Each structure stands twice: as structure tokens, then as C-alpha cells.
Amino acid sequence: MSTTQHIFLDKQHPAVWRALNGLGLKARDAADEAGIDRRTVELLNVRTSQLNGCAYCLDMHVRDAMNGGESLQRLAVLPAWRETSLFTDKERAALTLAEAITELPEHRILEHEEASAREYLSAEEFSAVSWLVITMNAFNRVSVVSHHPVTREQ
């Protein structure tokens, strides 16, 4: 166990944290305006957090997803979503885009993944999903760098 005292970036610069939260709210508004349901938003939050290894955000967003009606089965297989038929075409497109934005593969692969997502997402949906994922990536990085703790449930 490290003896280094971690700096919580959100506490050290609360104005920057508030601005990031504001961006998160605007991204959620864009998703609402594009007709992206909350279950899909939480699937994107969970998958992005899985890819980034953010325990704090996973703890929060898995709980939010389940409170929003997401099934334990779909959450359990989310890392292998391409191997199941449990997700709709639109969810699969959004997950494809989320992974591409988070992993930033080489240009040729990124273009292929974006084109694949565009088969099922309108321009407005594509943009909203992109902003959701970009914002979640930022939240993940703040939590990972800050070492935000996951507290044990009572």
C-alpha cells in the first residue's frame, strides 16, 4: 500500500471540477435532446469506466444503471457485448463509438468504427454519444488520478 497522500483534484481546484460537472450536465442534456435514453447513457458510462479501469466511476454508474432498470445480466456481459445478442443495434452502435473514442485506435480503425456507428446513429445521436463519452473519460481520469476511494457498502 502506498504511503503517498493523494491529491483529490476535485477538492484542490473546485472551480475546475464544477466546470467539468457543468460539461457533464450539458452532455446529458444533448443526449436527452437526441432521444438517447438513460439506460443507454449509463451503459456508456459503465463501458467507458471499464475501459479506463475507474473503480470509483464503475461503482457509481453500475448502481445508477441498476436503479434505472438495467439488468444484472446485461451489465455482467457488457465487457463482451459484441459476443451477445442482448443489446439493440443502436446500443451496439453507441458502444462501438464509446470504445473507439476511449481507446483512440489508429486512424483507419477509428474511421471504420465511426462509420459502423453511423449506420444506426443520426448525426445528433452520434454527437451526443461522443460528448457523453468524452466527458466520462474526463471524469474517469480525475477519479483515477485522485485515487477516489470506493467505500464498502454497509
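Reader: Which helix does Thr 40 lie in?
Author: Thr 40 lies in helix 3. This is a predicted model, by the way.

Reader: Is Thr 40 buried or exposed?
Author: Buried. Its relative accessible area is 10%, and the cut-off for buried is under 20%.

Reader: What is Thr 40 in contact with, sequence neighbours within four places aside?
Author: Glu 91 and Ala 94, leaving those neighbours out.

Reader: Which other residues of helix 3 are buried?
Author: The buried set runs through Thr 40, Val 41, Glu 42, Leu 43, Leu 44, Asn 45, Val 46, Arg 47, Thr 48 and Ser 49.

Reader: And what do they pack against?
Author: Five helices turn up: helix 2 (14-34), helix 4 (55-67), helix 5 (72-77), helix 6 (89-103) and helix 8 (123-146).

Reader: What about the ends of helix 3?
Author: At the start, a side-chain oxygen of Asp 37 comes within 3.1 Å of the backbone nitrogen of Arg 39. After the helix comes Gly 53, with a positive phi near 65°.

Reader: How does the span of helix 3 compare with what 1.5 Å a residue should give?
Author: The two agree. Helix 3 has 15 residues, 38-52, and should span 21 Å; the end C-alpha atoms are 21 Å apart.

Reader: Now the core. Which residues touch the most other members of the largest nonpolar core?
Author: Ile 36, Leu 44, Leu 78, Leu 97 and Val 129, out of 26 residues. Helix 2, helix 3, helix 6 and helix 8 each give two or more residues to this core. Helix 6 gives the most, with six.

Reader: What does Val 129 contact, leaving aside neighbours within four places?
Author: Ile 36, Leu 44, Ala 94 and Leu 97. There is also a second, separate core of six residues, including Leu 20, Cys 57, Met 136 and Phe 139.

Reader: How many aromatic pairs does a search of the whole structure find?
Author: One. Trp 17 and Phe 139 are edge-to-face, with 5.6 Å centre to centre and 80° between the planes. The pair links distant parts of the chain: Trp 17 is in helix 2 and Phe 139 in helix 8, 122 residues apart.

Reader: How accessible are Trp 17 and Phe 139?
Author: Trp 17 is partly exposed, at 24% relative accessibility. Phe 139 is buried, at 14%.

Reader: Last topic, helix 8. What span should its residues give?
Author: Its 24 residues should span 34 Å; the end C-alpha atoms are 35 Å apart, which agrees. His 147 follows helix 8, with a positive phi near 60°.

Reader: And Ser 146, buried or exposed?
Author: Buried, at 0% relative accessibility. Ser 146 lies in helix 8. Neighbours within four places aside, Ser 146 is in contact with His 6, Ile 7, Phe 8, Leu 9 and Asp 10.

Note on methods. Residues numbered from 1 in each chain as written. Predicted model: local features only at pLDDT ≥ 70, side-chain atom pairs only at ≥ 80, totals over all residues. Heavy atoms only, no water. Helix = DSSP H or I, 4+ residues; strand = E, 2+ residues; numbered from the N terminus. Expected span 1.5 Å × (residues − 1). Buried < 20%, exposed > 50% of the residue type's maximum accessible area, 1.4 Å probe, protein only. Contact = heavy atoms within 4.5 Å. Polar contact = N/O pair within 3.5 Å; in protein donor to acceptor, adjacent residues only side chain to side chain. Core = buried A, V, L, I, M, F, W, Y, C linked by side-chain atoms within 4.5 Å. Phe/Tyr/Trp six-rings, centres within 6.5 Å; stacked < 30°, edge-to-face > 60°.
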